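The following note sets out points on a predicted model.

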Amino acid sequence: MNLSILRKGLITAAVALLSLNVSAETVRFITNQGNFEMQLKPEAAPKTVANFLRYVEDGSYKGTLFHRTIPGFMAQGGGYSINYEQVATYKPVENESKNGLSNTRGSVAMARTNDPHSATRQFFINVIDNGYLDGSPNKFGYTVFAEISAGMDVVDKIVNKPTKSGPIPGMRNVPMEKVIIEDVVLVDQAQP
């Protein structure tokens, strides 16, 4: 057998197996305001998706809040308990904002500090096009890693809740009625 043909066959098989492991997955957010689903984009943001899925799989999004909502901008959550205590994080993930995905309405990106490689568990859902948050060859932006695939009306309901200053100094735009993430599950593991 020709060694070149064998190598090409092995490479093709390896690529096919890798593509199975990074296929898009859907997660369902179950909240006290209704449910929505998010389609992950592992082909564009593999490290970010893997990081997000660690929190989904360990169940630590359960019982967290959407703690910052700004109509005409975004809804941010996943980092505070229902008592406004910060939730433990894994090591920050490398910024993948130069992946070709844009912060458009319905896209989901990682929240971070001024350090571009500081994202851990907090995410935000864009409710309008926020292209100025995108990465470019000359700057890091906010890594888009998913998009809302069902239930954007629930996200709109969440982002339009009346807000107030939060219980932590400097915390603003906190929904007056707590918006609780009751659970986040892979759709194939979720109840109908």
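1. The largest pocket of this predicted model has a lining of 22 residues. Those nearest the pocket's centre are His67, Gln76, Tyr80, Gln86 and Gln122. Strand 4 provides the largest share, with three residues.

2. The space in the largest pocket amounts to about 450 Å³. By residue class, its lining holds eleven polar, seven nonpolar and four charged residues.

3. One cavity of 30 Å³ or more is counted, and the volume of the largest cavity is about 30 Å³. Its lining is formed by Val93, Glu94, Asn95, Met110, Arg112, Pro116, Ala119, Gly141, Tyr142 and Thr143. Of these residues, five are nonpolar, three polar and two charged.

4. Which residues of helix 3 are buried? In helix 3, residues 152–159, they are Met152, Val154, Val155, Ile158 and Val159.

5. The buried residues of helix 3 pack against strand 1 (26–31), strand 2 (34–40), strand 3, strand 4, strand 6 (123–126) and strand 7 (144–150).

6. The model contains twelve aromatic pairs. One of them joins Phe52 and Phe145 in a tilted arrangement, with 5.1 Å centre to centre and 45 degrees between the planes. Because Phe52 belongs to helix 2 (residues 46–57) and Phe145 to strand 7, this pair ties together parts that are 93 residues apart in sequence. Phe52 has 0% relative accessibility and therefore counts as buried; Phe145, at 0% relative accessibility, likewise counts as buried.

7. Tyr55 and Tyr61 also form a pair: their ring centres are 5.7 Å apart and their planes stand at 55 degrees, so the pair is tilted. Tyr55 is buried, having a relative accessible area of 1%, and Tyr61 is buried with a relative accessible area of 1%.

8. Which residues form one aromatic cluster? The cluster consists of Phe29, Phe36, Phe52, Tyr55, Tyr61, Phe66, Tyr90, Phe123 and Phe145. The two tilted pairs described above, Phe52 with Phe145 and Tyr55 with Tyr61, thus have their residues in this cluster.

Terms used
Residues are numbered from 1 along each chain as its sequence is written. This is a predicted model: local features need pLDDT of at least 70, side-chain atom pairs count only at pLDDT 80 or more; totals for chains, interfaces and linings use all residues. Side-chain values use heavy atoms; hydrogens and water are left out. On a 1 Å grid over the protein atoms alone, a cavity is a set of points where a 1.4 Å probe fits but cannot get out, and a pocket is an open set with protein on both sides within 12 Å along at least five of seven lines; lining residues have an atom within 4 Å of a point. Grid points are joined across faces, edges and corners, and a volume is the space filled by probe spheres set on the points. Helices (H or I, at least four residues) and strands (E, at least two) are DSSP runs, numbered from the N terminus. Ala, Val, Leu, Ile, Met, Phe, Trp, Tyr, Cys and Pro count as nonpolar, Asp, Glu, Lys and Arg as charged, and the others, Gly among them, as polar. Buried means under 20% relative accessible area, exposed over 50%, partly exposed in between (1.4 Å probe, protein chains only). Contact means heavy atoms within 4.5 Å. Rings of Phe, Tyr and Trp (its six-membered ring) pair if their centres lie within 6.5 Å; planes under 30 degrees apart count as stacked, over 60 as edge-to-face and the rest as tilted.
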